[in-house]
Amino acid sequence: MAEARVSTKWSPSDRTAGSALFGILFLVYWITSSLTFIGTDEWFLFDTAESFARRGSVMRNMTADLDWPGHTYVEPVLPLLSVPLIVLADRVPEIGVAHTVLVFNMLVTAATGTLLFLYVRRLDYGRVVAIALALLFGLTTIAWPYSKNYFREPIAGFVLLLAAYGLLRWRQAMRRSDVWPHYWLLMATASAAVSVLAKESGAIGVPILVL
């Protein structure tokens with residue numbers, strides 16, 4: 001009977017709550033941001049993103065002397081998704097490139113909290129419960145510290161959760177005998193693949209989702 005109550009469309013209240021959640025989380029992350037790199041992994045990732053954006057190259061520039069000749073060997077998803085931010089920073093002289101790139105994980109972590117809200121609502125829990133869980137994730141877990149830096153974990157976690165969400169929607173669509181339920185399975189499969197390309201340890205999470 002619980003499955004029958006699951007709506008195929010989001011109510012205006014859900015859309016408003018999801019948008020508000022994203023805005024609140026992003027605002028908190030922005031206010032508390034450090035806008036500094038704290039580790040060499042961030043340097044390599046930023047250097048890779050800068051090389052992709054400005055030269056279309058896999059050869060790093062600023063950190064090449066650390067392991068000459070400086071081929072890029074980090075997972076490509078985070079640097080590639082950061083390219084638009086670098087292009088934006090290059091076109092707006094008043095903003096710094098590194099500072100602009102460091103906004104990326106704030107956006108991703110806020111989006112992850114919003115996606116968690118959608119996931120919980122799709123499980124047919126109440127809106128208040130879904131909001132509370134999203135805020136607990138965003139403001140009481142390690143997700144908040146990770147939003148301040150340029151590591152791979154936020155984007156890897158987002159796409160892995162997106163894969164889980166796709167699998168949930170696929171199962172529900174199959175039970176409702178939707179016309180094209182496998183759209184969600186395709187989305188889940190693509191998201192799982194991207195999670196591995198975002199961080200290799202994502203390969204550990206994919207079998208768990210399959211189970």
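The axes of α8 and helix α9 (residues 182-198) come within 7 Å of each other and cross at roughly 165°. That makes α8 roughly antiparallel to α9, going by the rule that angles under 35 degrees are roughly parallel, over 145 roughly antiparallel, 65 to 115 roughly perpendicular and the rest oblique. Axes here are lines fitted to C-alpha atoms, for helices over the stretch in contact, with angles from 0 to 180 degrees between N-to-C directions. The crossing of α8 and α9 is left-handed; left-handed means the near helix is turned anticlockwise from the far one by less than a right angle, and right-handed means clockwise. By class, the residues of the α8 contact with α9 come out as 18 nonpolar, four polar and one charged. Ala, Val, Leu, Ile, Met, Phe, Trp, Tyr, Cys and Pro go down as nonpolar, Asp, Glu, Lys and Arg as charged, and the others, Gly among them, as polar.

A word on the model itself: it is predicted, local features need pLDDT of at least 70, side-chain atom pairs count only at pLDDT 80 or more, and totals for chains, interfaces and linings use all residues. Residues are numbered from 1 along each chain as its sequence is written, and side-chain values use heavy atoms, with hydrogens and water left out.

Stepping back to the whole chain, there are ten helices and zero strands; these are DSSP runs numbered from the N terminus, with helices being H or I of at least four residues and strands E of at least two. Of the 211 residues, 42% count as buried, where buried is under 20% relative accessible area, exposed is over 50% and partly exposed is in between (1.4 Å probe, protein chains only). Among contacts with a separation of 6 or more, 69% come from residues 24 or more positions apart, a contact being heavy atoms within 4.5 Å.

| Pair | Axes come within | Crossing angle |
|---|---|---|
| α8 and α9 | 7 Å | roughly 165° |
| α8 and α10 | 11 Å | roughly 15° |
| α5 and α6 | 8 Å | roughly 150° |

Now for α8 (residues 153-176) and α10 (residues 202-210). They are roughly parallel to each other, and α8 passes α10 in a right-handed crossing. On the α8 side the contact uses Leu160, Ala163, Ala164 and Leu167, while α10 brings Gly202, Gly205, Val206 and Leu209. That set splits into six nonpolar, two polar and no charged residues.

Which residues does Val206 touch, not counting those up to four places away in sequence? They are Leu160, Ala192, Ser195 and Val196. The C-alpha atoms of Val206 and Ser191, 15 residues apart along the chain, are separated by 9.8 Å.

Elsewhere, α5 (residues 104-122) and α6 (residues 127-140) make another pair. Here α5 is roughly antiparallel to α6, and the crossing is right-handed. Residues including Thr109, Gly113, Leu116 and Phe117 in α5 meet residues of α6, among them Ala130, Ile131 and Phe137. The class tally is eight nonpolar, three polar and two charged.

The loop between α5 and α6 holds Asp124, which has a positive phi of about 75° although it is not a glycine. Asp124 counts as partly exposed, at 28% relative accessibility. Leu35, in the loop between α1 (12-31) and α2 (40-55), also has a positive phi, about 55°, without being a glycine. At 24% relative accessibility, Leu35 counts as partly exposed.
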